[in-house]
Amino acid sequence: MMKRRKFIKNTAAGTLGATIAMTALACADEDTKAKNSTEEDKPMTKKVPKLPIAICTWQFTEANQVAGVALDAGKAALDAVIEGVSVEEQNLKNTTVGKGGAPDREGNVTLDACVMAPDGDCGAVLAVSNTSHVAALARKVMEETPHVMLAGTGAEEFATQLGFETENLLTTDSKKAWQEWLKSPEYKPIINIENHDTIGMLAIDTNGDIAGACSTSGLSYKMKGRIGDSPIIGSGLFLDNEIGGAVATGMGEEVVKTVGSFLIVELMRNGMSPQAACEEAIKRIVTKNDRYKDFQIAYIAMNKVGETGAYCIHEGFTMMKYQEKKNENVAVAYYHKP
Ligand code: SD4
């Protein structure tokens, strides 16, 4: 196996990041704020947030804590996010990530994940059914192959070669729920109802470097072979270490259509705050799709200096944020007021 790429030397979050943040504050366009915005006008003297910081989708308290503690111990952002998401990949109660995830309509649990590193390198695995630690596997694709994505049996064989534990991902509970579903098999993904969903995580380490990971079993009872946004770089996850990063959760098909995470990073590049950028990305979806009342999408984002933002279509989504040894569940504003 060859070592494909060497990480470039980490660059500190110095003048460039600070400049971006101040520009973001100065240039945030009021017109782009979606309704229900929680963003307040911020004075130019605003304090730069203390690093390191880890944020993740939903109320994945332990996963975010693990990432935050790793960052506090001086670990690199990429190591921290992979350690963090692996908590949920092993959590049997979570039916949308890793082992215990709901299967497709034929009873197969298939996992998708991607990772992105501060140097812009990335890796992804799609439709993996033999191991739960798919974010770690995506990292191996990034670091040890000449490719960015591996899917299906190719990814599974790669995992076996690397010594990843072979696991049966379908738990007794998930199997029972699927068998129940088969009695009247209607495909109606209800995202958001329970606070267990795809985990997307972003971390900025003590060097000021940003990395991210996204891991999911996708939508319950999806068609065999269906892939959502989560392993697609630019949709489920994107970052640029000079600017910041974003991750998505929710109805993957709609995220892919607007390349949501890439969009958010580019909006931040053009001066928006993470909050304004998340709101604009949601606005892009709801203005193009009048079915938005039937699905949930949420974005979280963080810029180079550690300012964070999040926005979603429907009430019920929250974000975790770890900073200065505090791991908090943060309320997130939403677009649709029924
Ligand atoms: C997908 N985005 O596969 C994932 C599912 C998800 O909240 O995030 N559910 O489309």
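Me: What is the bridge partner of Asp-112 in β6?
Reply: The bridge partner of Asp-112 in β6 is Thr-216. Please note that this is a predicted model, in which local features need pLDDT of at least 70, side-chain atom pairs count only at pLDDT 80 or more, and totals for chains, interfaces and linings use all residues. Residues are numbered from 1 along each chain as its sequence is written.

Me: In which sense do strand β2 and strand β6 pair?
Reply: Strand β2 (residues 111-116) and strand β6 (residues 210-216) pair in the antiparallel sense, over five bridges. Two strands pair if DSSP finds at least two bridges between them. Strands (E, at least two residues) and helices (H or I, at least four) are DSSP runs, numbered from the N terminus.

Me: In what order do the strands of the open sheet come?
Reply: The order is β4-β3-β2-β6-β5-β1-β11-β12, which makes eight strands with mixed pairing. β4 (149-151) and β12 (326-331) stand at the edges; each has a single partner strand, so one side of each is left without a neighbour in the sheet. From one strand to the next, the twist averages 10 degrees.

Me: Which strands does helix α3 touch?
Reply: Helix α3 (residues 77-89) packs on the sheet and touches β1 (53-57), β2, β5 (199-204) and β6. The direction of α3 makes about 20 degrees with that of β6. Such angles run from 0 to 180 degrees between N-to-C directions, with axes fitted to C-alpha atoms, for helices over the stretch in contact. Two residues are in contact if their C-beta atoms, placed from the backbone, lie within 7 Å.

Me: Back to β1, then. How many of its residues are buried?
Reply: Five of the five residues of β1 are buried. A residue is buried if 20 or more other C-beta atoms lie within 10 Å of its own, exposed if 12 or fewer, and partly exposed in between, with C-beta atoms placed from the backbone. Ile-53, Ile-55 and Thr-57 lie on one side of β1, and Ala-54 and Cys-56 on the other.

Me: New topic: Ala-67. Is this residue buried or exposed?
Reply: Ala-67 is buried, because 34 other C-beta atoms lie within 10 Å. Its place is in helix α2 (residues 61-72). Ala-67 and Tyr-322 are 255 residues apart in sequence, yet 8.3 Å apart in space, C-alpha to C-alpha. Leaving aside neighbours within four places in sequence, the contacts of Ala-67 include Ala-54, Met-201, Ala-203 and Tyr-322.

Me: Why is helix α4 described as largely enclosed?
Reply: Nine of the eleven residues of helix α4 (residues 134-144) are buried, so the helix is largely enclosed by the rest of the structure. Among the buried ones are Arg-139 and Lys-140. The buried residues of α4 pack against α3, β2, β3 (122-128), β4, α5 (152-162) and β6.

Me: One last thing: how many helices and strands are there in the protein chain?
Reply: The protein chain has nine helices and twelve strands. Of its 338 residues, 54% are buried.
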